[in-house]
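Here is a short tour of one protein model, meant to be read with the structure open beside you. Take the headings in any order you like.

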Amino acid sequence: MYFTMEGDDCEFPSEPSEHSRSQRGSVASSVTRAQDVLVYLVSDSAVHLCVEGVGCVCVQELGRNVREVLNIPDSAQDAFAFWLSSPLLELQLKPKHQPYKLCRQWQDLLYRFTQASTEDISLDEPCLQYRRNVFYPRSKELQVEDEGVLRLLYDEAKLNILEGRYPCDPEHWVKLGALTCAIELGTGLEEQKLVTAVREKKLSSFVPAHVVLGGGGFFSTLRSKAGRQADLEQDLLREYSTISTTLDLPALLRQYLTTCHALPYYGCAFFMGEIDKPAQGILHRGGRKVVSVGISLEGVYVIDMKEKHVLLGLRFSELSWDHSYPETEGDSHILWLEFDGEEAGVSVNKLLKIYSKQAELMSGLIEFCVELRAVGEASASADGEASPSHTPAGQVGGDERVREQRRRKLRRQNSVVCSRVHTLSTISYVDDGKEIKRLKPKRAASFFTRQAPPTYSTVQVTDGLEQG
């Protein structure tokens, strides 16, 4: 996630915790000393730097040092950014941030943006990572020719595929797995040599772990583990045999990344949250479902990490949003997503509530991405370039909208990439431009004010909400 709040500056609690105060001496003592700094890559290797005044060095300066060590060309310097990462929180830093000081305030950040227990927070420690920049456009990524840069991008994409952070359909992960074989084992291997090499490295090094285990997807859990793995090996062999032996390593790396670009959430920053489950049974019990929320320059994606599929995917031209703070103790921060939908054959607008202490970060990132896109589209218009895919929803012609709706209906509904709006517990309403027409379940009052795109006005929460 990108570490940004309201305005340009990153703000911390006005009264630092006892832990932060106890670290001030160590920060001050590190201002002038030369210290070793390890900057980790996604592949778990690290860049070793000796930095003067590490307590005050900023991300921008560290970036120059890392790019020099990794031989990253100036043309690709924007492809990567520094992140502070731990099992509890991931933050992409701005060029002006000072990583050492942020590390000393890590516990304050965990209390502010996570639900972790005091014990877990006390044991958590971040590492400084050099990873893909959330704001690096895919179009620029396709123009990268440097093999080292392509390899770094590939390593991160592969990790997200294998860990299930990027859900994908069988045709995708089989192709990506075969490309991984070609990249890491070489092309043109005989069948038996390839099978032996795959087994030595383990199948989970080539296809997502949940696929190997047979859970939450397309393989029956009734099959034996050995039978399932044999099927996966055969799938990899068939796809591997289609890869040209004339392709060099940069071409293979680029092909892997291009395949990942078909996944709408490629390159997202991810946040943890919860959504309401639809009420079930005679007692109308619901509860909440844990979700991952991906945000990029393309849009917002709510992903069921247990089932490994998309629950809701929206481009920025298709949504309005807001962030609300807790009103009383025990309440949650909420990110509101408003979008068009259908209910009982009636076109309606829907509201989805995402409960998360990271809602403020999500809202800030959405706003920043929308602003970046607006600047990019204005520049493209000034240069006379057409960008039909970025046309605001309210300005799409009638025929084009009908064609788009037909295309969506024709998409394979069991694809993990397709939205599953029918499984969401949302609040529905109809707006005819004058007043709210009540739709079951009835509500006492309206609770929003919607403005047409492309102003991207936020949804105004003015009253208590009943869940529909």
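## Ground rules

A residue is called buried when its relative accessible area is under 20%, exposed when it is over 50%, and partly exposed in between (1.4 Å probe, protein chains only). Helices (H or I, at least four residues) and strands (E, at least two) are DSSP runs, numbered from the N terminus.

This is a predicted model, where local features need pLDDT of at least 70, side-chain atom pairs count only at pLDDT 80 or more, and totals for chains, interfaces and linings use all residues. Residues are numbered from 1 along each chain as its sequence is written, and side-chain values use heavy atoms, with hydrogens and water left out.

## Helix α8

Helix α8 covers residues 147-162. Twelve of the 16 are buried, including Leu150, Leu153, Ala157 and Ile161, along with Asp155, Glu156 and Lys158.

Now look at the two ends. At the start, a side-chain oxygen of aspartate 146 comes within 3.0 Å of the backbone nitrogen of glycine 148. After the helix comes glycine 164, with a positive phi near 80 degrees.

## The nonpolar cores

A nonpolar core is a set of buried Ala, Val, Leu, Ile, Met, Phe, Trp, Tyr and Cys residues joined through side-chain atoms within 4.5 Å. The largest one has 108 residues, and Val39, Tyr256, Leu337 and Leu352 are among those with the most contacts inside it. Helix α9 (residues 170-185) gives this core its largest share, eight residues. Another core, of five residues, lies apart from it and includes Ile334, Trp336, Tyr355 and Ile427.

Leucine 352 is worth a click: beyond its neighbours within four places in sequence, its contacts (heavy atoms within 4.5 Å) include Ile275, Val302, Phe339 and Leu424.

## Rings and charges

Tyr166, Tyr265, Tyr266, Phe270 and Tyr301 form one aromatic cluster.

A charge sits over a ring if NZ of Lys or CZ of Arg is within 6 Å of the ring centre and within 35 degrees of the ring normal. Arginine 131 does this over tryptophan 83, 4.0 Å from the ring centre, and arginine 288 over tyrosine 355, at 3.5 Å.

## Glycine 341

Strand β11 (residues 334-343) contains glycine 341. This glycine counts as partly exposed because its relative accessibility is 22%. Valine 421 is 80 residues away from glycine 341 in sequence, yet their C-alpha atoms are 8.2 Å apart.

Notes:
Phe/Tyr/Trp six-rings, centres within 6.5 Å; stacked < 30°, edge-to-face > 60°. Expected span 1.5 Å × (residues − 1). Polar contact = N/O pair within 3.5 Å; in protein donor to acceptor, adjacent residues only side chain to side chain.
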